[in-house]
Amino acid sequence: MNILCISKYASPPNYSKMPARLFVLAKEFIKLGHNATLITSNSNHFSTYPETSEIYNFEVVDEVPLCWVKTKKYTKTASIDRVLSWFDFERKLFKLDFNKIDKPDVVLISSLSIFSIIYGCYLKKKFNAFLVFEIRDIWPLTMTEEGGFSKWHPLVLLIGFIEKFGYKKADLVVGTMPKLDLHVKNILGYEKPFHCSPLGFNPINYQEEIMDNNPFDEVFPKNKVIVGYAGSMGITNALEPFIEAIKLLKNNENIHFMLVGSGDLKATFEEQLKNCTNVTFLPRIGQNEVKYFLQKCDILYLSTKNSKVWDYGQSMNKVVEYMLAAKPIIASYTGYPSMINEANCGYFENTSSPNDLKDKILSIVNLSEEERKKLGENGKKWIYQNRQYSQLAKEYIDKINELRFPKNA
């Protein structure tokens, strides 16, 4: 079948450090014998596209036909320019020349931008296509829960209307988080066909052995149990209990904390821990360097803000990367648990108490090196069994075919 994938931020690998999830899925759909085309935009703060005078730019990248649309640029993620860039993308979609694209049997709209579902509905009617509405971030819930927006803000109301419209019109709702179907039912008042297609990984990116001369060899202290964190250090990352736990463990000479990344609160945390010799802050590193950092750690930590968004489960790149590193994981997380608990490779800590977090860290530190290794290997084994994109793509296609061609029809 012909599958048309549309997402404003689905960058191909030639213009970004890592290919977007939807690009990888499109490539896997093609491997399964289908035709798949990707439409995206050049307005993406994680990618760098060449300058062009053309609005519609057609290419084939790694056997994936794609069209990237020249769209209004923006510099700040939380800005009116970003919203205007969404509208610019949607406007230009309606002027796209379909003489250069195969008539779609399936139209897959992946947020963000959520407004693309309007164009998806247009294509559904125009081509009698099967419409998939894929949600990777729950908007506008994320805006009100984590962005500080009022539920009566005009943009929140508009996006909420578009969200409900999309759920109604879609033939299949897909979520990267496992319990999105509960949110959809809350919005519509009834159930819709649903499929969970989480974030995954491509094993080819993890084939090489970690080098003996790991670039982090010189900055990591020797003969310590290393507790590592890789990621942003902002309000939504809720690292405050972790910072307090570091203070509580400052006299434990066996443990050292390594935090890599950037964010609005990083300078504040560095100031709070300036008298602690058991912690090192490192600058933000490239995506291709993360696996080397994680490999040097013994325990990995992550946290999320207490928010209704997580009631429907998580699907974070960070969890995938942590599990691939084969290290025990401690996650301060109050939402619906998945992956870490399923793999038995660490612990969800539903608490904001630094003392509880300190005790959990010590419980893993006090395990033997062999026991820690086994706990971490559980995660790597599980992620290879359940999250390879080749498998996720097949499950995606199977679900679409199940609904398009029901056995009892």
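The side chains of aspartate 88 and arginine 91 form a salt bridge, with nitrogen and oxygen 2.7 Å apart. A salt bridge here is a side-chain nitrogen of Lys or Arg within 4 Å of a carboxyl oxygen of Asp or Glu. The structure is a predicted model, in which local features need pLDDT of at least 70 and side-chain atom pairs count only at pLDDT 80 or more, whereas totals for chains, interfaces and linings use all residues. Residues are numbered from 1 along each chain as its sequence is written, and side-chain values use heavy atoms, with hydrogens and water left out.

Aspartate 88 and arginine 91 are separated by about one helical turn because they stand 3 residues apart in helix 2 (residues 80-93). Helices (H or I, at least four residues) and strands (E, at least two) are DSSP runs, numbered from the N terminus. Aspartate 88 also forms a salt bridge with lysine 92, where the closest N and O atoms are 3.1 Å apart. These two residues lie 4 residues apart in helix 2, so about one helical turn separates them.

Arginine 91 is partly exposed, at 44%.

By the stated rule, the salt bridges number 15. Another of them joins the side chains of aspartate 398 and lysine 394 (2.9 Å, N to O). Because they are 4 residues apart in helix 14 (residues 389-404), about one helical turn separates them. Aspartate 398 is partly exposed, with a relative accessible area of 37%, and lysine 394 is partly exposed at 44%.

Charge also gathers on the surface, where Lys125, Lys164, Lys168 and Lys169 make up a positive patch. Patches are made of residues with over 30% relative accessible area and no salt bridge, like charges being joined within 9 Å and nonpolar side chains (Val, Leu, Ile, Met, Phe, Trp, Tyr) within 5 Å. Helix 5 (residues 154-169) supplies the largest share of the positive patch, 3 residues. Lysine 125 lies in helix 3 (residues 116-127); with a relative accessible area of 75%, lysine 125 is exposed.

Why is helix 10 (residues 317-324) described as largely enclosed by the rest of the structure? The reason is that 7 of its 8 residues are buried. The buried residues of helix 10 are Lys318, Val319, Val320, Glu321, Tyr322, Met323 and Leu324. Their cover includes strand 9 (225-230), helix 9 (290-296), strand 12 (299-303), strand 13 (329-332), helix 11 (340-343) and helix 13 (369-386). Just after helix 10, alanine 326 adopts a positive phi of about 60°.

Strand 12, part of that cover, contains isoleucine 299. Isoleucine 299 counts as buried, at 0% relative accessibility. Apart from neighbours within four places in sequence, its contacts (heavy atoms within 4.5 Å) include Val225, Ile226, Val227, Gly228, Pro328, Ile330 and Arg372. Glycine 160 stands 139 residues from isoleucine 299 along the chain, and their C-alpha atoms are separated by 40 Å.

Definitions and conventions. Areas by Shrake-Rupley, 256 points an atom, 1.4 Å probe, with all protein chains shown as cover. Lys, Arg positive; Asp, Glu negative; His and termini not counted. Charge placed at Lys NZ, Arg CZ, Asp CG, Glu CD. Buried < 20%, exposed > 50% of the residue type's maximum accessible area, 1.4 Å probe, protein only.
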